Amino acid sequence: MLNTLLRDSRALGVLAVPLILTQLAQVALTTTDTVMMGLLGTTELAAGGLAIVIFNQLRTMGVGLVTSVGNRIAAAAARAERQSTDHAADPDGSAERAGEPPAHAEVRAVVRAGLAVATLAGIAGGVLMVLIGQALSRLGQDPAVVGLTRTVLYALAPGLLPCLWFQTIRQFTVGMRRPQALLRITIASVAVNAGLNWVLIQGAFGLPRLGLTGIGIATSTVYLLTFLALYLSAKKDEELAPLLSLNITKADPVVVKRLISLGIPIAATYGSEAGFFSLTALMAGSFGPDALAAHTAVNQLVYIVFQVAVGLSHAASINVSRELALGNHDDARRIKNTALACAAAVMAVVGVLYVTVPHLVLAPFLDTGSDQALTIATHLLVVTAFLQFFDCAQNIGVGLLRGLDDTKSGFRITLIGYWAVGLPASWLLAYALGLDTLGIWLGLLTGLATTAVLLLRRYTRSLDERRAAVLPAGV
């Protein structure tokens, strides 16, 4: 039993570890931008922060639209492996001998369709960013902030397209189980972004001094460079190169429609989760600046650790798609248990740190803040020690269902967990029972735990139904 768990953990880790580190590097990318904005001044930080919030919301939903590309490619690649094995084992020559397994053509079709969806989403999102920039002055924002935010949005808008192209190629490499270049490219992008920020902000090397707008231009440039780097890396890979096609004019409308039908619920799920946490921040703010500062600090810690959940979820999702394509239902069931065991191990270590050395954990955020904010945040960390396992588990649940090509159930269940359970529980505990910010986080814990249980139960039932459908009667 232990040997099986260790073997499955290693198989999951091959995909999960590079993805987790890549996610953490992306957090470093946005953190670099935020630090640079803060050095320019309070108004610049407010304007740049608002622009990043808008960009990230659209980027996150755009990424959701192409996330299923990895699952489709993983399943197609598994079928290609099985077809190749069958072809090699065919002694009488009766098998199809058309040069390559038909599933290889399926992989190329998914890549083309994914890039087509990314292109549509990138153009639509870029236009929407410009329109939002125009509308900001009507939303009661400070005129000085509006003007700066608008220029940053205009600079960021072109970067959304290569950003989503990069995400599509990323899904392709992950689906093919070859994500190693992702980490190197993402880490390099952090250094390049910091350098470009400095050059464009200060106007070095004879370039104009662009200030805050330079950060937006640098970010868009980095997205373009990372896309090109990942594409060129894939084209140098003997296994990936023959399957990577950028010719979106040949995208199959049927495949495009399928990706969009799978992607819309994923994008909606991402947007729903972001909105859920945004509302809890507003609730925390109603209890004063100390409560909001504590909430913000702990929420940032949760966000950083959440990248572990993202990596585990995506790796589990890809492996489920692969195993089901091979007909291995028992292995697909074990993936759930392995991912949850890995999540429990990581979150246990994090939870121990939260409980035993809370002041050390909070020092980067609240070292110069008020004692009251630090006290509130310390209490919140006790809740967070348990909350983060359920947060990770529910994200894994969404990924597992995505591996079944079931994105609609994940969206419906998260709506129940976040909005029908979590938000009312937060309000009841915070206001009706007078627990203030602690009540908000207990409500978050309740909502995330409910979501995790429902998602994992749905996955188990769906897997049982699929197994029953392929087994002969009486088995």
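Student: Why is Tyr431 called partly exposed?

Tutor: This is a predicted model, in which local features need pLDDT of at least 70, side-chain atom pairs count only at pLDDT 80 or more, and totals for chains, interfaces and linings use all residues. Residues are numbered from 1 along each chain as its sequence is written, and side-chain values use heavy atoms, with hydrogens and water left out. Buried means under 20% relative accessible area, exposed means over 50%, and partly exposed lies in between (1.4 Å probe, protein chains only); Tyr431 has a relative accessible area of 33% and is therefore partly exposed. Trp427, with a relative accessible area of 49%, is also partly exposed.

Student: What makes Phe227 buried or exposed?

Tutor: Its relative accessible area is 8%, so Phe227 is buried. Gln307, found in helix H10, is buried as well, with a relative accessible area of 3%.

Student: How do you know whether the aromatic pair of Phe227 and Tyr231 is stacked or tilted?

Tutor: Rings of Phe, Tyr and Trp (its six-membered ring) pair if their centres lie within 6.5 Å, and planes under 30 degrees apart count as stacked, over 60 as edge-to-face and the rest as tilted. For Phe227 and Tyr231 the values are 6.4 Å centre to centre and 25° between the planes, and the pair is stacked. For Trp427 and Tyr431 they are 6.2 Å and 40°, and that pair is tilted. Trp427 and Tyr431 are 4 residues apart in helix H14, and are therefore separated by about one helical turn; helices here are DSSP runs (H or I, at least four residues), numbered from the N terminus.

Student: Why is H13 called roughly antiparallel to H14?

Tutor: The axes of H13 (residues 371-403) and H14 (residues 407-432) come within 8 Å and cross at roughly 155°. Angles under 35 degrees count as roughly parallel, over 145 as roughly antiparallel, 65 to 115 as roughly perpendicular and the rest as oblique, so H13 is roughly antiparallel to H14.

Student: Which residues of H13 and H14 meet?

Tutor: Contact means heavy atoms within 4.5 Å, and Gln394, Val398, Leu401 and Arg402 in H13 meet Thr407, Ser409, Gly410, Thr414 and Tyr418 in H14.

Student: What makes H10 roughly perpendicular to H12?

Tutor: The axes of H10 (residues 289-325) and H12 (residues 358-366) come within 10 Å and cross at roughly 115°, which makes H10 roughly perpendicular to H12.

Terms used:
Axes fitted to C-alpha atoms, helices over the stretch in contact; angles between N-to-C directions. Helix = DSSP H or I, 4+ residues; strand = E, 2+ residues; numbered from the N terminus.
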